[in-house]
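Here's a quick briefing to read with the model open beside you. Take it topic by topic and look up the residues as you go.

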Amino acid sequence: MTLFDYVADRWDRLALQSWLHVSEVVQSTLLAAVIGVLIGVAVYRSPVGSAVATGLASTILTIPSFALLGLLIPVFGLGPTPAVVALVLYALLPITRNTIVGLAGVDPAVTDAAKGIGMGRFSVLTRVELRLAWPAILAGMRVATQMLMGIAVIAAYAKGPGLGGEVFSGLTRAGSANATNQALAGTLGVVILALLLEGVYFLIARFTVSRGIRG
Amino acid sequence: MADKGEPAVTPESTDAAVSGVEIQLEGVTKRYPGSAEPAVNDVTMTIPAGQLVVLVGPSGCGKTTTMRMINRLIEPTSGRITIGGEDALELDDVRLRRKIGYAIQQAGLFPHFTVAQNIAVVPGLLGWNKKRIAERVDELMDLVGLDVAQFRDRYPRQLSGGQQQRVGVARALAADPPVLLMDEPFGAVDPITRGNLQDELLRLQADLGKTIVFVTHDFDEAVKLGDRIAVLGEASTIQQYDTPEAILANPANDMVAGFVGAGASLKQLTLLRVRDVDYPDLALTADAGESPSELRTRMARAGATYALLVDRRRRPQRWVHVRNLSSATSLANIGRSVGDTVSTQSTLQDALEAILAEGGRAVVTGTRGEYVGMIDIETVTGVLAQLREEHEAAGTDGAGDTGDGAGGRAAAGDGVGPAGGAGAAADPGAGAS
């Protein structure tokens, strides 16, 4: 059976796994974005706070994904929960760091003018600073998403949803019928989905970044 | 002589509708924790309604801090600030700032907003409805000389420094605040644009009569713009607070004299404005709709070799030579563009520059940039001759004018007061140029 026949034959199952994979990654990214932006907003004014937040997030990233999952399974059991927790933790670094960099990069003259003409603290943050930091935050989310597409495969080790299951089962059954096809289908699926998401990010940037600050 | 001195001594806003209110600072002090010396020490001054007061002083003297305490971007440590009789320190600071226009160096425009959105921010914060905001935006863009159709939807990065600064001023004026704070607003643009922006600020102020507090370290800019100038020293202590004429004629102490610098008398020439002199309406004007042959007939009748093409709002566009007309089918694209123009608010010094640049005479434009006349080198030399005559008259009055700048100034200061001082000190300047 060729790879093509294999995919055609298992289309329903692969489509479902792809959908679960994307859904898991996107939801984890969104969750990480909320947390990361909040952390960024909380610390960007203080150089020490920024350094600590970035340092912690980097430390998380240095933990091998297998090890992190292994540590999370006793706490959360098997299934989607440890997978999502691990993915969110990994996504925090690029998003938090880019939020801090983006907010710190806002021209002080602009925030001074915003305050000076009578914007309250919250307005300055939501209407000016975050809007100006948005391209950086979005870039952080993009990097996070790409990274999570790969890590989500590993998360199948904790019985997380997605194409990881195909890859793992293909690899463990190496030598038997369709084992290679199964592993390949899973891997190629991840690559294709990553490219599709890249396109989605391009569109999001196109529609949400003001033309005045688009690079 | 007092008559001739008049326009220079009392510049703008005396007859304009005053929409500004008085600002009073009483014993205002700012101390930062951990520093022994106060950044601003016990400043007391009154900024009269409808006047443009310039705070000028060396870098780090606390002039910006003083200004920022008025809209409470910096909270004073002690002292009292009233704006139009209201205690500024009692009000909610965010609401207070919505009633005070604020324009800063490099404009501080929101890069992600269009020009129109930038100008609309304060009216939006004040809860105006969309229609009123849109009308106000158009009105303001027109006021600061930006074409609405062309610039409304542009982003700040698509504008030149000068245009950004205009938008900054429009944004500061958006909600028609009685008070305007300007922190070196023209500090980051090239000298030519800077001169134009200064002229336009004076033109605006003549119409609007706001109370403007303007911070700069450039004494020439202070002389050009200020109804009154406060020269500030260390910790914002007021060294002298008076009209530009009085400060030039009679600096209160060595620090002020040092800041005024050499050529104080020459600087006084910059206090004479184009509208103070008689400029003739010499040019033959035509709009682009006129046919070339008609224009040629008119030019022949008037004996003119050049005609000035103006747009619908009578703003000067191009010079057309009678030669250009014979082959042209329309006036739309012929001739050469008008270079430097001079507004009625420009100083004679600027006018002279423009005249030299334009080769003998320059176009004078009115409050909306429309053509009002021409100024040429004879007009300026005429004024200079007149000043010289006055100087001779003053000399025979026995003011002890030796022709030496310092001596003249000292004598004037001791003798006849600011008006006389201004006249006497202007004279050596006229002679020198």
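What follows is a short tour of helix packing, ring contacts and a few individual residues.

This is a predicted model, so keep the ground rules in mind: local features need pLDDT of at least 70, side-chain atom pairs count only at pLDDT 80 or more, and totals for chains, interfaces and linings use all residues. Residues are numbered from 1 along each chain as its sequence is written, chains are lettered from A and ligands numbered from 1 in the order in which they are written, and side-chain values use heavy atoms, with hydrogens and water left out.

**Chain A overall**

- Chain A has nine helices and zero strands, where helices (H or I, at least four residues) and strands (E, at least two) are DSSP runs numbered from the N terminus.
- Walk along the sequence of chain A and you read α-α-α-α-α-α-α-α-α.
- Of the 215 residues in chain A, 47% are buried; buried means under 20% relative accessible area, exposed means over 50%, and partly exposed is in between (1.4 Å probe, protein chains only).
- Take the contacts in chain A between residues at least 6 apart in sequence, and 77% of them join residues at least 24 apart; a contact means heavy atoms within 4.5 Å.

**Helix packing in chain A**

- Helix α4 (residues 65–76) of chain A and helix α5 (residues 80–104) of chain A have axes that come within 9 Å and cross at roughly 135°. Axes here are lines fitted to C-alpha atoms, for helices over the stretch in contact, and angles run from 0 to 180 degrees between N-to-C directions.
- The crossing of α4(A) past α5(A) is right-handed. A crossing is right-handed if the near helix is turned clockwise from the far one by less than a right angle, and left-handed if anticlockwise.
- On the α4(A) side, the contact is made by S65(A), L68(A), L69(A), L72(A) and F76(A). The α5(A) side brings residues including P82(A), V85(A), L89(A) and Y90(A).
- α5(A) also meets helix α7 (residues 121–154) of chain A, with axes that come within 8 Å and cross at roughly 155°. That makes α5(A) roughly antiparallel to α7(A), and this crossing is right-handed.
- E24(A) sits in helix α2 (residues 11–43) of chain A and is buried, at 4% relative accessible area. Setting aside neighbours within four places in sequence, E24(A) is in contact with A83(A), V84(A), L87(A), A152(A) and P161(A).

**Rings in chain B**

- The count over all chains is five aromatic pairs. Rings of Phe, Tyr and Trp (its six-membered ring) pair if their centres lie within 6.5 Å; planes under 30 degrees apart count as stacked, over 60 as edge-to-face and the rest as tilted.
- One of the pairs is F186(B) with F214(B), tilted, at 5.9 Å centre to centre and 55° between the planes.
- F186(B) lies in the loop between β7 (179–183) and α9 (191–208) of chain B and F214(B) in strand β8 (residues 211–216) of chain B, so this pair ties together parts 28 residues apart in sequence. Both F186(B) and F214(B) are buried.
- Y306(B) and W319(B) make an edge-to-face pair, 6.2 Å centre to centre with 80° between the planes. Y306(B) is in strand β12 (residues 306–310) of chain B and W319(B) in strand β13 (residues 316–321) of chain B, 13 residues apart.
- Y306(B) is partly exposed at 33% relative accessibility, whereas W319(B) is buried at 6%.
- R132(B) lies over the face of W128(B), 3.7 Å from the ring centre. The rule for a charge over a ring is NZ of Lys or CZ of Arg within 6 Å of the ring centre and within 35 degrees of the ring normal.
- R228(B) likewise has its charged end over the ring of Y241(B), 4.5 Å from the centre.

**Loop residues in chain B**

- Most residues other than glycine have a negative phi.
- R72(B) has a positive phi, near 60°. R72(B) lies in the loop between α2 (63–70) and β4 (78–83) of chain B and is buried, at 10% relative accessible area.
- R314(B) has a positive phi of about 60°. R314(B) is in the loop between β12 and β13 of chain B and is partly exposed at 37% relative accessibility.
- D176(B) is in the loop between α8 (161–173) and β7 of chain B, partly exposed at 46%. Leaving aside neighbours within four places in sequence, D176(B) is in contact with R136(B) and K210(B).

Definitions and conventions: Angles under 35 degrees count as roughly parallel, over 145 as roughly antiparallel, 65 to 115 as roughly perpendicular and the rest as oblique.
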